[in-house]
Amino acid sequence: MAEYDVTIVGAGPGGLACAIKAQELGLSCVLLEKGKRVLQGIIDTYPKGKKVYPTIPKSQTDPFAIEDLAPGPDNEPVEDYVAKVEACAEKRKLSIRLGEDFQDIEKDGTGFTVVTRQNRYTASNVILAFGSNIPVDLGVYGEAKTVARGLDNPEDHIGAPTLVLGGGNAAADVVAALSKAKREAGDNTTIWWGHRREQFRVDKDVARDLGEEILLGGSIRILPGAVPRIGEVDADGVDRLIIQTRQVDVGQGVELNQGMSFPMKHVIACVGTQGPAPVFGKLGLQQIMCVAGVCKISKEGTQLVMLTPDFETGTKGIFAIGGAVSPTYILIEQEGVLKETKHTNIIYMAIKDGVRAVQAIADRRAST
Ligand SMILES: Cc1cc2nc3c(=O)[nH]c(=O)nc-3n(C[C@H](O)[C@H](O)[C@H](O)COP(=O)(O)OP(=O)(O)OC[C@H]3O[C@@H](n4cnc5c(N)ncnc54)[C@H](O)[C@@H]3O)c2cc1C
């Protein structure tokens, strides 16, 4: 007999929603988190003091599925949000094991054994809620290490011009947080904000914070059409990233290129993270490779995990939710009908997915 009805991997908003719902429905469960605290993924990726927006997509009409996990309406700073959620987990006495780094799932007769670096847990069901934050390599030519990374500590960039790459909300948040830190430290070195496209796409709330920073005197320079090109190690042994900022065709196949070079330690790349496709592959979960003409949202060659409307993978009893299945997955609508489905990576959706998956587990248990 399995120890738990459900083992959950990852104590982000999605995993915590699963644990709370499982407790409410009387399912035995354990939540495994590799970090030292709940919401470790958020602690690691949000800049200090970042406001947390309680964004609900326009397509959704319901409020947050678990109100205790919703960011407050006044866009509280991340530290307050984390403290609030930690207090909620404690008050509810959720069964959480910190410092448990998930490695593998072994299938046995009646269920699964979830293997972490430290322990083994048997469960009838497993929910993968480990988010999407697997760092990607920038994929440029050259010797230097050019792995994308977020803003761990704004102080590391005080006194040095910094390049932030990416055209979306995550990059804009980093630019605003970094600008604030530099301004408060009396540092007027420039934050260069580069994106490979001409247009930047940010939400209203994020744009307002950024506008405020500029008005308060933040030194922010925007570089549209900035393409990372080469990772080189310079004569002093420093890893540098060269970005192309302008390209002019001077005729007869000759191009004039203009570029800038930044030490990699002052490059923050918010260029999206690598999805957990390799992990799903290792676990033997069914995925589909996007081919031209079939996938309309994802790039050709992307591996997309297949999920039922309850977020169950092709392996009965294993579910995947939240950031781990964003920004797209293949929805198994009915037997044989597959649909490429967009899935917004926000707190609201992770919580909603978790509640739905646990409800499905409870319903199945009740009917057997
Ligand atoms: C900079 C930034 C700003 C954002 N701002 C907002 C915002 O204002 N509002 C909003 O709604 N959304 C925002 N988001 C998105 C939001 O944070 C995510 O959608 C949400 O955290 C996803 O929840 P999750 O539970 O699926 O994953 P995560 O929050 O990523 O949690 C996954 C957890 O799994 C753990 N984990 C990973 N691997 C393992 C392993 N091998 N073993 C055990 N545990 C593991 C991680 O440590 C982490 O704690 C932002 C994202 C970023 C990066």
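Axes here are lines fitted to C-alpha atoms, for helices over the stretch in contact, and angles run from 0 to 180 degrees between N-to-C directions. The model shown is predicted: local features need pLDDT of at least 70, side-chain atom pairs count only at pLDDT 80 or more, and totals for chains, interfaces and linings use all residues. Residues are numbered from 1 along each chain as its sequence is written.

**View 1. Helices α4 and α5 cross at roughly 30°.** Helices (H or I, at least four residues) and strands (E, at least two) are DSSP runs, numbered from the N terminus. Helix α4 spans residues 169-184 and helix α5 spans residues 204-215. Their axes come within 9 Å. α4 passes α5 in a left-handed crossing. That hand means the near helix is turned anticlockwise from the far one by less than a right angle; clockwise gives right-handed. On the α4 side, the contact uses N169, A172, D173, V175, A176, S179 and K180. On the α5 side, V206, D209, L210 and E213 meet them. Contact requires C-beta atoms, placed from the backbone, to lie within 7 Å. Five residues of this contact are nonpolar, two polar and four charged. Nonpolar covers Ala, Val, Leu, Ile, Met, Phe, Trp, Tyr, Cys and Pro; charged covers Asp, Glu, Lys and Arg; the others, Gly among them, are polar.

**View 2. Helices α1 and α7 pack with their axes 7 Å apart.** Helix α1 covers residues 13-24, helix α7 residues 347-367. The angle between them is about 35°. α1 passes α7 in a right-handed crossing. From α1, the contact takes P13, G14, G15, A17, C18, K21 and A22. From α7 come I347, A350, I351, D353, G354, V355, A357, V358 and Q359. By class, ten residues of this contact are nonpolar, four polar and two charged.

**View 3. A parallel open sheet runs in the order β10-β9-β8-β14.** It has four strands, paired where DSSP finds at least two bridges between them. β10 (220-224) and β14 (267-269) are the edge strands. Each has a single partner strand, so one side of each is left without a neighbour in the sheet. The twist averages 20° from one strand to the next. Strand β8 (residues 162-165) pairs with β14 in the parallel sense over three bridges. V164 has I268 in β14 as its bridge partner.

**View 4. A mixed open sheet runs in the order β15-β16-β18-β19.** This sheet also holds four strands. β15 (287-289) and β19 (337-342) stand at its edges; each has a single partner strand, so one side of each is left without a neighbour in the sheet. Neighbouring strands are turned by 35° against each other on average, direction ignored. Strand β16 (residues 303-307) and strand β18 (residues 328-334) run parallel, joined by two bridges. M306 faces I330 in β18. β18 and β19 run antiparallel, with six bridges between them. Q334 has V337 in β19 as its bridge partner. The two strands form a hairpin with two residues between them. In that turn, G336 has a positive phi of about 85°.

**View 5. Two loops with backbone points to check.** Most residues other than glycine have a negative phi, and most peptide bonds are trans. The peptide bond from S326 to P327 is cis, with omega near 5°. P327 sits in the loop between β17 (318-320) and β18. L39, a residue other than glycine, has a positive phi near 60°. Its place is the loop between β2 (29-33) and α2 (40-45).

**View 6. The contact between domain 1 and domain 2.** Domain 1 is 4-133 + 274-367, and domain 2 is 141-269; such bounds come from an automatic or database domain assignment. Over C-alpha atoms, the domain centres are separated by 31 Å. Seven residues of domain 1 are in contact with eight of domain 2. The domain 1 side divides into two nonpolar, two polar and three charged residues.

How values were computed. Two residues are in contact if their C-beta atoms, placed from the backbone, lie within 7 Å.
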